[in-house]
Amino acid sequence: MNYHQYYSVDVVNGSGTRCTLFVSGCLHQCRGCYNQNTWRVDSGQPFTLVMENQIIADLKDQRIKRQGLSLSGGDPLHPHNVPAILQLVKRVKEECPDKDIWLWTGYVLNELNDIQQEVISYIHVLVDGKFEQALYNPTLIWRGSHNQVIHYLR
């Protein structure tokens with residue numbers, strides 16, 4: 001898996017102060033997407049164990065109280081990304097059980113395959129659905145278009 005950006009302190013992508021990872025790779029390629037540079041799976045830089053360790057360390061750092069981890073992109077549930085994302089969410093759940101995990105995907109919850117569903121079993125909030133430019137509303141919180149749904153899973 002590759003990633004484009006990592007923010008160790010983010011207050012925009014989910015509730016509270018968070019760590020946010022923007023991964024590479026998206027099959028949906030929604031018209032009007034604000035993050036088109038993340039569509040190719042080979043764009044950005046490799047997601048390494050060093051980066052995974054940094055995320056865990058940042059989540060544990062008590063100097064800045066972080067509520068959790070946000071996963072966006074691209075699409076964290078892109079088939080190319082799912083193995084690394086699954087490993088990451090399992091590790092966050094094990095090592096940082098007091099932190100929540102948010103995930104944004106263009107896929108729809110009831111259409112996910114088994115391994116994507118396994119990822120979802122570790123997260124707390126899912127924002128699903130493709131961005132639809134005709135349904136865009138800049139006043140929506142944590143989503144770009146009215147068709148996207150925020151699922152509070154835990």
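Let's start with the pocket. The largest pocket holds about 700 Å³ of space. A pocket here is an open set of points on a 1 Å grid over the protein atoms alone, where a 1.4 Å probe fits, with protein on both sides within 12 Å along at least five of seven lines. Grid points are joined across faces, edges and corners, and the volume is the space filled by probe spheres set on the points.

A word on the source. This is a predicted model: local features need pLDDT of at least 70, side-chain atom pairs count only at pLDDT 80 or more, and totals for chains, interfaces and linings use all residues. Residues are numbered from 1 along each chain as its sequence is written, and side-chain values use heavy atoms, with hydrogens and water left out.

Which residues are closest to its centre? Of the 32 lining residues, they are Y34, S72, W104, G144 and Q148. Lining means having an atom within 4 Å of a point. By class, the lining has 13 nonpolar, 15 polar and 4 charged residues. Nonpolar covers Ala, Val, Leu, Ile, Met, Phe, Trp, Tyr, Cys and Pro; charged covers Asp, Glu, Lys and Arg; the others, Gly among them, count as polar.

Next, the core. The largest nonpolar core has 31 residues, and L21, I55, L71 and V89 have the most contacts inside it. Such a core is a set of buried Ala, Val, Leu, Ile, Met, Phe, Trp, Tyr and Cys residues joined through side-chain atoms within 4.5 Å. Buried means under 20% relative accessible area, exposed over 50%, and partly exposed in between, with a 1.4 Å probe and protein chains only. Elements giving two or more residues to this core include β1 (2–10), α1 (49–60), α2 (82–95) and α3 (114–120). The largest share, 7 residues, comes from α2. Helices (H or I, at least four residues) and strands (E, at least two) are DSSP runs, numbered from the N terminus.

Take L71. Beyond its neighbours within four places in sequence, L71 is in contact with L21, P76, I85, L88, V89, I101, W102, L103 and W104. Contact means heavy atoms within 4.5 Å.

Now I120, in helix α3. I120 counts as buried because its relative accessibility is 7%. Leaving aside neighbours within four places, its contacts are L77, L109, L112, L126, L153 and R154.

Cysteines next. How many disulfides are there? The count is 0, with a disulfide being a pair of cysteine sulfur atoms within 2.5 Å. The sulfur of C96 has its closest cysteine sulfur in C19, 8.7 Å away, so that pair is too far apart for a bond. C96 is buried, at 2% relative accessibility. C26 is buried too, at 9%.

Now two residues in the loop between β6 (125–128) and β7 (149–152). W142 is found there, and S145 has its place there. W142 is not a glycine, yet its phi is positive, about 65 degrees. At 23% relative accessibility, W142 is partly exposed. Is S145 buried or exposed? Buried, at 0%.

Last, H28, in the loop between β2 and β3 (45–46). H28 is buried, at 15% relative accessibility. Beyond four places in sequence, H28 is in contact with D75, G106, Y107 and K130. H28 and G129 are 101 residues apart along the chain, with their C-alpha atoms separated by 9.7 Å.
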